Amino acid sequence: MSLEFVECRVVRLGIVDYAEALKLQRLLVAARIADRIADHLLLLSHPDVVSLGRPSSRRFMKFSEQALNRRGVDVVEAGRGGEVTFHGPGQVIAYPILKLREGERDLHQYLRRLEQVGVHVCCEFGIPAETDPGRTGVWVGGEKIAAIGVRATSWTTYHGLALNRTRDLRGFGWIVPCGLENVRATSLEAHLAREPALRDVEDAVIDGFKKLFLRSTTEISAEQFFLGVKSLANPEVLGVA
């Protein structure tokens, strides 16, 4: 089936608390299912947090929740696919809220396209990245540079891709990333020997997303975005740093 480009709003939100971002995604998913909003792509980062794909993911934590909390690190059950991962301010995270169309309704294919967005970003910076049919994510020389975890309700997606932008990878030492033993994390900065600008990485994510998901993107400001959120039924009060 040949698909045409459809509208998608893009917003850069800066650093957003994980729990608040999850509430926001759920609100947007409900609104998208009801056709009250267009597709959205949220670009953001989180303060240090350990995210669990399922309750059993706790067995892949190297420290107790209490010990991590004492470090100022939240532990959150995310309700997505996958195991345990770490998020921090040094990442670029993309959360697509897409109402999948006929011809797109294959979550395995959707996940693989998200991986290709990560590959595209790496290639834009001259880093040869690849996917692995047996392991989810984006890999550079056997090291993981991006994690993927997705969920869909009524064929409307949330969660997404987390790409390591900077060398600040200490949080991966607190866990067994994605439940994979002996896997090391890497980043764009580690391969470039410089820290890539946040906006440049986000621009590369948007470019890859447009091409792989056939979306025509319109960027809106965070202020415009939250004005729209307020118009939805009973939104939570969401903090953005």
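Mentor: A charge sits over a ring if NZ of Lys or CZ of Arg is within 6 Å of the ring centre and within 35 degrees of the ring normal. R135 lies in this way over the face of W139, at 3.7 Å from the ring centre. The charged end of R71 sits over the ring of F63, 4.7 Å from its centre. This is a predicted model, where local features need pLDDT of at least 70 and side-chain atom pairs count only at pLDDT 80 or more, while totals for chains, interfaces and linings use all residues. Residues are numbered from 1 along each chain as its sequence is written, and side-chain values use heavy atoms, leaving out hydrogens and water.

Now the rings themselves: the whole structure holds 5 aromatic pairs (Phe, Tyr or Trp, using the six-membered ring of Trp, with centres within 6.5 Å; planes under 30 degrees apart are stacked, over 60 edge-to-face, the rest tilted). In one of them, F86 and F172 have ring centres 5.3 Å apart and planes at 75 degrees, so the pair is edge-to-face. F86 is in strand β5 and F172 in the loop between β10 and α4, 86 residues apart (helices, H or I, of at least four residues and strands, E, of at least two are DSSP runs, numbered from the N terminus). F86 is buried at a relative accessible area of 1%, and F172 counts as buried at 13% (buried is under 20%, exposed over 50%, partly exposed in between, with a 1.4 Å probe and protein chains only). Together with W174, F86 and F172 form one aromatic cluster.

The rings of Y110 and F213 have centres 5.4 Å apart and planes at 55 degrees, so that pair is tilted. Y110 lies in helix α3 and F213 in helix α5, so the pair ties together parts 103 residues apart in sequence.
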